[in-house]
Amino acid sequence: MPKLDASQLVMSLQSNVYHLPKKYNCLPRQPNLHGLEEGAKNQFSTFSNFITTINQKKEGIGNRNSPTQLVIPNIKNGRDLPALCLDVRQKKRMSMDTLPQELKAPIPPEPSLPIRTKTVKDFQDDMEKSKASGDWKAVHNFYSTTFDSFLEINAAFKKDTNSPFNTIEDSGIDAKFVNVVYDALLNTPQDVQKSVLKGIINGLLQEWTGPRTKDDLRAYCILLQNPQFSNTSTYVIYAHLLRQIAALTEADHHFLVHWSKKISQKRFKQVVDRLLQFISLRLFPAKPEEFPPMVKCTWWIPSATKVLSLFNAANSLISPPIISYTDFYNSTLDHIDLMEEYHNWQCYGNSHRFSFCQYPFIISIAAKKVIIQRDSEQQMISIARQSLVDKVSRRQKPDMNMLFLNVKVRRTHLVSDSLDELARKKADLKKKLKVTFVGEAGLDMGGLTKEWFLLLIRQIFHPDYGMFTYHKDSQCHWFSSFKCDNYSEFRLVGALMGLAVYNSITLDIRFPPCCYKKLLSPPIVPCDHNALVGICGVTLDDLFQIMPELAHGLSELLSYEGNVEEDFYSTFQVFQEEFGVIKSYNLKPNGDKIPVTNRNRKEYVQLYVDFLLNRSIYKQFAAFYYGFHSVCASYALLLLRPEEVEILVCGSPELDMSALQRSTQYEGYQKTDLTIRYFWDVVLGFSPDLQKKLLHFATGSDRVPVGGMADLNFKISRSETSTNWLPVAHTCFNQLCLPPYKNKKELRQKLIIGISNAEGFGLE
């Protein structure tokens, strides 16, 4: 097939019509590239002038009636893009061993590459000479040649042009050379930069006659790192690059994912930020005239999001990850109609209709909280409405209390009363919670509810209660493995956590991350009541977060260089003390007769960890799991990572006391009063540990709600008591009562004594 020359390219791009073969007639018209013209004024000359330099060498056009194939992939409207691992209900990671047979097709032969001998040192010397002399011809020739086609890109940046590099672990890219060339690019004259864009367009418009080769994938991997795509004037070209990558096969995506995890952290973060910026500016452009109309480029955002999912997948393959999972959040999405996205996803699932909910990694925890809260509110309203209809249909007088989950408890029988109330009112768990303490006058405006949570959690997690074991080394609780006849109290704790999420209450609970991973295993309660729940893959790293000393011992066993069988004399049997009695458990059938050896010690450690974190506490955790999901059963849970569930339940550990200062309310004080100025001078100068103690003293938790410090509704009230008294906190209302201390030294002294010696929650 003939190659498209510059004149044809300009005509087709500007007329927004591509001459496609009949088999592509179902495709929508592609957006033109005229958007470059508006945005190019700052960095580049007009695109029409630039595009005419694409190909001075005319090639035979051939018969105009013969169809001209373009590199634009055979893909439908962008919102119909097939997604990478879209089905979040099936959180499976693809590996080459599990690829279907059709994805293991023979690798197409690599075409022979041009011979290019320039090294990093040669390029750097050329750059220095050009800067000194002002003659950029050598540099211009290098850039225009290197980026003229995918073959030239490989010729320049492939470590060994004679080696195919067809493995997923080694892309064969000379990353150092790529980085040096891109770092220098933005410091070159504009005609050099334009020659790079010209070459990229040529590469994107060349014809494809078969499957993509690994050289093609290498070129895509290199082009994605181009810093020019941070400029909005290049977004039309960038969009077509992303579209082609998004349309690759799953097997090709698999290679790109594994190659991307080898990119340096700095470059990886730059690519991710560039993709997020592209999505944000397409949603809310600062200058709408820079881009084609949205109706003509609906595929831009789906393509970019799908490519971003490749980098998210690469990030998850590394432990620790290359960047934090929060670096994939796009806060711009907080300002769109997320409930419409959520409902579209619920209605259409992971079909061909695009929704950001198909890619939950891009949605911030704040946005997910909004989705969960609104979803829960709708469920609350629906259940309350049904209760009202039932009353009216039975000709009974409606009572406002039927709209709430009313919990009445005695302080002296807090746990048992709470258990009975929640068991009796299972159908009301998704209604708005209201708590009443028997024998006490008071209207629950939020304070009584929080007090109920605080008191109940404090009592249930007390060591004497025996439900949970506190591990001092890790400062977290874990489920007691003691067997009992009734696990209903574990169900109560799960329901409490669910109610806290449902009612936006932050709990002072210290569970390890593994707990939240188990809580989402699976995220939706299975219909089969015999199905296992709360069972997830656990590793030695998970055990380190709970029992670091034991985990260290097992790690030593794995690295022991002597004879394990003779020196340790262990079998596949473990022992646990239960109520003063030592009991033994086999990790596998006849485990007491199977010695631990150098060969099978990895299996022993894995089975031991699985026993401690899954098998030995299965009934306890299953009750806890069902309790949580009895309140929080929602497809919105499919959007959450385990870390995000923890933040929703317990809040974030990241403190910003300056933000707390800005949002604090005052009663009896003005923010300009001397005592208040003393207070904030002292608090902002505290160590992080003291700041956490202050927050715990005043609110009952040293963590911050998802919405930030502003959501605490923190209040400082004037206390008319003697300045000899210590500060007092009403944790139910996040209120600190502060006497008018005479000087900063006295305030600091009294405050530190107060927050360092408050036992438990310091409830009033």
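Buried here means under 20% relative accessible area. By that cut-off, G447, L448, T449, K450, E451, W452, F453, L454, L455, L456, I457 and I460 of helix α17 are buried in this predicted model. That makes 12 of the 14 residues of α17, so the helix is largely enclosed by the rest of the structure.

Zooming out, the protein has 29 helices and 10 strands, and buried residues make up 52% of its 764 residues. Among contacts with a separation of 6 or more, 74% involve residues 24 or more positions apart. The accessible surface comes to about 36400 Å², with 52% of it belonging to carbon and sulfur atoms.

The largest nonpolar core has 178 residues, and Y143 and W452 have the most contacts inside it. Helix α18 (residues 488-502) gives this core its largest share, 10 residues. A second, separate core of 28 residues includes F679, V704, L736 and L747. Back in α17, W452 is one of the buried residues. Leaving aside residues up to four places away in sequence, W452 touches V407, V409, L414, S418, L422, L433, V435, F437, L496 and L499.

As for charged pairs, the structure holds 30 salt bridges. In one of them, D417 meets R410 at 2.8 Å, N to O; D417 is buried, with a relative accessible area of 10%, whereas R410 is partly exposed at 37%. K588 and E603 form another, at 2.9 Å. This pair links distant parts of the chain, with K588 in the loop between β6 (581-586) and α23 (601-613) and E603 in helix α23, 15 residues apart. Both count as partly exposed, K588 at 25% relative accessibility and E603 at 35%.

The salt bridge between D681 and K744 comes in at 3.5 Å, N to O. Here the partners sit 63 residues apart, D681 in helix α27 (residues 674-684) and K744 in helix α29 (residues 744-756). D681 is partly exposed at 46%, and K744 is partly exposed at 38%. Elsewhere, K158, D215 and R218 are linked in a network of salt bridges.

Finally, D689 is found in helix α28 (residues 688-699) and is partly exposed, with a relative accessible area of 47%. D689 and D702 are 13 residues apart in sequence and 9.6 Å apart in space, C-alpha to C-alpha.

Note on methods
Residues are numbered from 1 along each chain as its sequence is written. This is a predicted model: local features need pLDDT of at least 70, side-chain atom pairs count only at pLDDT 80 or more; totals for chains, interfaces and linings use all residues. Side-chain values use heavy atoms; hydrogens and water are left out. Helices (H or I, at least four residues) and strands (E, at least two) are DSSP runs, numbered from the N terminus. Buried means under 20% relative accessible area, exposed over 50%, partly exposed in between (1.4 Å probe, protein chains only). Contact means heavy atoms within 4.5 Å. Accessible areas come from the Shrake-Rupley method with a 1.4 Å probe; for residues, only the protein chains shown count as cover. A nonpolar core is a set of buried Ala, Val, Leu, Ile, Met, Phe, Trp, Tyr and Cys residues joined through side-chain atoms within 4.5 Å. A salt bridge is a side-chain nitrogen of Lys or Arg within 4 Å of a carboxyl oxygen of Asp or Glu.
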